[in-house]
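Subject: Structure handover and notes

Dear colleague,

I am passing the structure on to you below, together with some notes on what was found in it. Please read the notes with the structure open beside them.

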Amino acid sequence: MRDFTYYAPTEVAFGAKSEERIGALAVKYGAKRVLVHYGGQSAERSGLLGVVRKQLQEAGVAFFELGGVVPNPRVSKVREGIEICRREAIDMVLAVGGGSVIDSAKAIAFGAHYEGDVWDFFLGKAKAGECLKVATVLTIPAAGSEMSDGCVVTNEDGWHKRGYSTNKTRCCFAVMNPERTYTLPAYQTACGIVDIMMHTMERYFSLEDDMALTDNIAEAVLRTVLDWGPVAMREPENYRARAQVMWAGSLAHNDLTGCGTLGDWATHHLEHELSALFDVAHGAGLAAVWGSWARYVKGERLSRFVRFAVNVMGVENDFVDPERTALKGIERMEAFYRSIGMPTSIPELIGRPVTEEEVLTMADKCCRQDTHTEGNFKVLYRKEMEDVYRLANK
Ligand code: NZQ
Ligand code: ZN
């Protein structure tokens with residue numbers, strides 16, 4: 001087991017009445033002038049923005065607003081937010097939405113006090129110094145950004161999707177009312193289910209074999225989502241099901257399922273090139289490449305895939321043929337993805353196979369022109385990245 005630091009400073013207000021605490025939480029964390037940041041229409045339509053405004057007004061907190069964050073959030077919107085924060089002396093960015101809105105809020109928060117261009121952080125040219133505070137009212141369980149240190153933004157200039165991580169913009173509080181996820185379209189619910197499972201699996205497929213507690217927690221998160229995700233899709237207003245999925249989303253990405261392991265993350269970064277190029281939903285992109293990645297790398301430590309097949313996917317262990325057991329686990333996972341309407345190949349994801357030129361472009365961007373590898377379970381160089389894209393292209 002590796003040494004680790006577990007840092008999860010976010011105060012979580014979870015439940016049907018949690019929204020009544022927004023104003024008090026903003027005051028508790030020192031907010032005087034807030035930028036309320038949100039996406040397209042969902043938070044306005046559901047009345048949630050109205051609740052947020054009322055809460056801030058009653059708490060005596062001044063606020064400004066910036067909507068229009070799109071899925072795969074753009075750096076141009078971040079720059080707009082930074083301008084407002086500087087002009088209006090904002091001290092907290094309150095993200096009302098999902099991963100895209102929270103990530104945009106985080107980038108605004110570390111960009112506001114930085115003199116150069118915010119994209120520098122994503123190029124590795126800048127490190128977060130003084131930051132604005134970030135908090136969220138979450139509307140979609142998926143990306144886990146409400147408790148993670150991560151932030152992923154897309155630069156329209158060249159369509160580069162890049163991440164930057166810092167503890168300094170972890171949310172100080174996250175308000176999570178499962179009822180707010182009732183309005184999620186089935187497709188977005190399914191994308192969230194995949195992303196939550198993938199955040200757990202990226203950490204689970206590790207070459208460390210001696211972190212029993214972490215493995216057991218990870219398997220419990222995965223089984224919970226396998227059981228309750230489909231219920232949430234069938235019965236969108238089932239509070240119990242929505243609550244299981246929502247809390248799983250946070251636990252899957254606040255590092256609890258990664259204590260003592262070295263995560264892989266290749267599937268995520270291969271996917272980021274797909275969503276950068278084709279503007280697809282992150283969760284759907286993950287489902288489209290995971291099975292191909294798994295078949296490609298399973299031989300590095302077959303026992304992990306056997307354990308996953310037996311403990312998570314309920315496969316009977318074939319002691320004579322462990323490879324068969326491992327493959328059945330991968331197949332069952334893919335069958336689950338299909339059962340919730342998710343693609344398991346790139347053609348299913350974007351409606352056509354990618355061209356060989358597109359394969360080369362994605363691999364080139366993913367390996368940053370041969371300056372970067374991906375994955376720890378198996379290290380992927382440019383050629384291996386191309387191989388996985390080609391496998392997923394069938
Ligand atoms: O824009 P609106 O109208 O709000 O619609 C959104 C959006 O179209 C809709 N939605 C959200 N809540 C809703 C709702 N519709 C109805 N009812 C509700 N309650 O859902 C759509 C998707 O929203 P988005 O925020 O894009 O989803 P998600 O939370 O999956 O975030 C995806 C982004 O997060 C990044 C992804 O790459 C992607 O850019 N990630 C961020 C991570 C992090 N910061 O730690 C880690 C992840 O691995 C991931 O990379
Ligand atoms: Zn993800």
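A search of the whole structure, which is a predicted model, finds 0 disulfides. Cys151 is accordingly in no disulfide, and the nearest cysteine sulfur, that of Cys131, is 10 Å away. Cys151 counts as buried because its relative accessible area is 2%, where the limit for burial is under 20%. The sulfur of Cys367 has its closest cysteine sulfur in Cys366, at 7.3 Å, and the two are therefore too far apart for a bond. Cys367 is likewise a buried residue, with a relative accessibility of 1%.

Next comes the metal site. The zinc ion (ligand 2) is coordinated at 2.0 to 2.2 Å by Asp195 through OD and by His199, His268 and His282, each through NE2. Along the chain, the donors of this zinc ion (ligand 2) follow the spacing D-x3-H-x68-H-x13-H. Distant parts of the chain are linked in this way, since His199 belongs to helix H7 (residues 186-204) and His268 to helix H10 (residues 266-278), 69 residues apart. As for accessibility, His199 counts as buried at 2%, and His268 counts as buried at 5%.

Is Glu273 buried or exposed? With a relative accessible area of 3%, Glu273 is buried. When neighbours within four places in sequence are left aside, Glu273 is in contact with Arg162, Met362, Lys365, Cys366 and Tyr389.

The loop between helix H9 (239-253) and H10 contains Leu256, which counts as partly exposed at 22% relative accessibility. Leu256 and Ala218 lie 38 residues apart in sequence, while their C-alpha atoms are 8.4 Å apart in space. Apart from neighbours within four places in sequence, the contacts of Leu256 are with Tyr6, Thr214, Ile217 and Leu251.

Helix H12 (residues 302-311) has several buried residues, namely Arg304, Phe305, Val306, Phe308 and Ala309. These buried residues of H12 pack against H7, helix H8 (212-234), helix H11 (282-297) and helix H13 (322-339).

On open space in the model, the second largest pocket holds about 200 Å³. Its lining includes Asp3, Phe4 and Thr5, together with Arg203 and Asp255, and also Gly258, Cys259, Gly260, Thr261, Leu262, Gly263 and Trp265.

Finally, two residues deserve a look for their backbone angles. Most residues other than glycine have a negative phi. Arg368, although it is not a glycine, has a positive phi of about 45 degrees, and Asp370, also a residue other than glycine, has a positive phi near 65 degrees. Arg368 is found in the loop between helix H15 (356-366) and helix H16 (382-392), and Asp370 is found in the loop between H15 and H16 as well. At 29% relative accessibility Arg368 counts as partly exposed, whereas Asp370 is exposed, with a relative accessible area of 53%.

With kind regards

Conventions:
Residues numbered from 1 in each chain as written. Chains lettered and ligands numbered in written order. Predicted model: local features only at pLDDT ≥ 70, side-chain atom pairs only at ≥ 80, totals over all residues. Heavy atoms only, no water. Donors = N, O, S within 2.8 Å, 3.2 Å for Na, K, Ca; no water. Helix = DSSP H or I, 4+ residues; strand = E, 2+ residues; numbered from the N terminus. Buried < 20%, exposed > 50% of the residue type's maximum accessible area, 1.4 Å probe, protein only. Contact = heavy atoms within 4.5 Å. 1 Å grid on protein atoms, 1.4 Å probe; cavity = no way out; pocket = protein on both sides within 12 Å on 5 of 7 lines; lining within 4 Å. Points joined across faces, edges and corners; volume = space filled by probe spheres on them. Disulfide = S-S within 2.5 Å.
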